[in-house]
Amino acid sequence: GIEQNEMMYELMNEIGWRQQPVNLSQWVDDYAKRRYGSANTNARAAWQVLLRSVYNNTIMWKDHNRNPLVHRPSLNMNTDVWYNRSDVYEAWRLLQTASSALANSKAF
């Protein structure tokens with residue numbers, strides 16, 4: 001893998017061993033705790049925001065990577081996304097708030 005989306009890789013690897021469907025909300029809470037080594041309310045909330053936004057593409061989105069970083073320079077780029085960008089800022093704010101408690105975590 002290219003290891004740019006660790007949460008998704010971990011989920012996909014785990015699903016193969018499960019007998020029952022995954023409760024994604026609970027899984028993401030557990031993931032945040034595993035990732036940072038301890039439970040943190042702000043980190044958990046940040047991952048829940050990402051789950052319901054960035055990780056919740058429920059529409060057919062063809063060629064979804066319209067990020068300017070992966071396209072040739074142009075003045076006419078389509079940078080539409082399926083999520084509300086303010087959700088990413090909110091998750092970032094929550095993770096910044098968690099930073100003092102999680103600063104010693106190597107994965108933070």
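Analyst: A salt bridge is counted where a side-chain nitrogen of Lys or Arg lies within 4 Å of a carboxyl oxygen of Asp or Glu. The model is predicted. It holds 5 salt bridges, one of which joins Arg 93 and Glu 90, with N and O at 2.8 Å. Arg 93 and Glu 90 both belong to helix 4, which covers residues 85–102. They are about one helical turn from each other because 3 residues separate them along this helix. Arg 93 has a relative accessible area of 42% and is partly exposed. Glu 90 is partly exposed as well, at 28%.

The side chains of Arg 35 and Glu 6 meet with 3.2 Å from N to O. Arg 35 is in helix 2 and Glu 6 is in helix 1 (residues 6–15), so this bridge links distant parts of the chain, 29 residues apart. Arg 35 counts as partly exposed at 24% relative accessibility, and Glu 6 is also partly exposed, at 44%.

Arg 44 and Asp 29 form a further salt bridge, in which the closest N and O atoms are 3.3 Å apart. Because Arg 44 lies in helix 3 and Asp 29 in helix 2, this bridge ties together parts that are 15 residues apart in sequence. Arg 44 is partly exposed, with a relative accessible area of 35%.

The aromatic side chains come next. With ring centres required to lie within 6.5 Å, the count comes to 4 aromatic pairs. Among them is the pair of Tyr 31 and Trp 47, with 5.2 Å from centre to centre and 80° between the planes, an edge-to-face arrangement. Tyr 31 belongs to helix 2 (residues 24–36) and Trp 47 to helix 3 (residues 41–52), and this pair links distant parts of the chain, 16 residues apart. Tyr 31 is buried, since its relative accessible area is 2% and buried means under 20%. Trp 47, at 9%, is buried too.

Trp 82 and Tyr 83 also pair. Their ring centres are 5.3 Å apart and their planes stand at 85°, so this pair is edge-to-face. Here Trp 82 is partly exposed at 24% relative accessibility, and Tyr 83 is partly exposed at 23%.

Tyr 31 and Trp 47 are also members of one aromatic cluster, together with Trp 27 and Tyr 55.

Ser 105 is placed in the segment after helix 4. A polar atom of the Ser 105 side chain lies 3.3 Å from the backbone oxygen of Tyr 36. Ser 105 counts as buried, because its relative accessibility is 15%.

How values were computed: Residues are numbered from 1 along each chain as its sequence is written. This is a predicted model: local features need pLDDT of at least 70, side-chain atom pairs count only at pLDDT 80 or more; totals for chains, interfaces and linings use all residues. Side-chain values use heavy atoms; hydrogens and water are left out. Rings of Phe, Tyr and Trp (its six-membered ring) pair if their centres lie within 6.5 Å; planes under 30 degrees apart count as stacked, over 60 as edge-to-face and the rest as tilted. Helices (H or I, at least four residues) and strands (E, at least two) are DSSP runs, numbered from the N terminus. Buried means under 20% relative accessible area, exposed over 50%, partly exposed in between (1.4 Å probe, protein chains only). A polar contact is a pair of N or O atoms within 3.5 Å; within protein, one must be able to donate a hydrogen and the other to accept it, and residues adjacent in sequence count only if both atoms are side-chain atoms.
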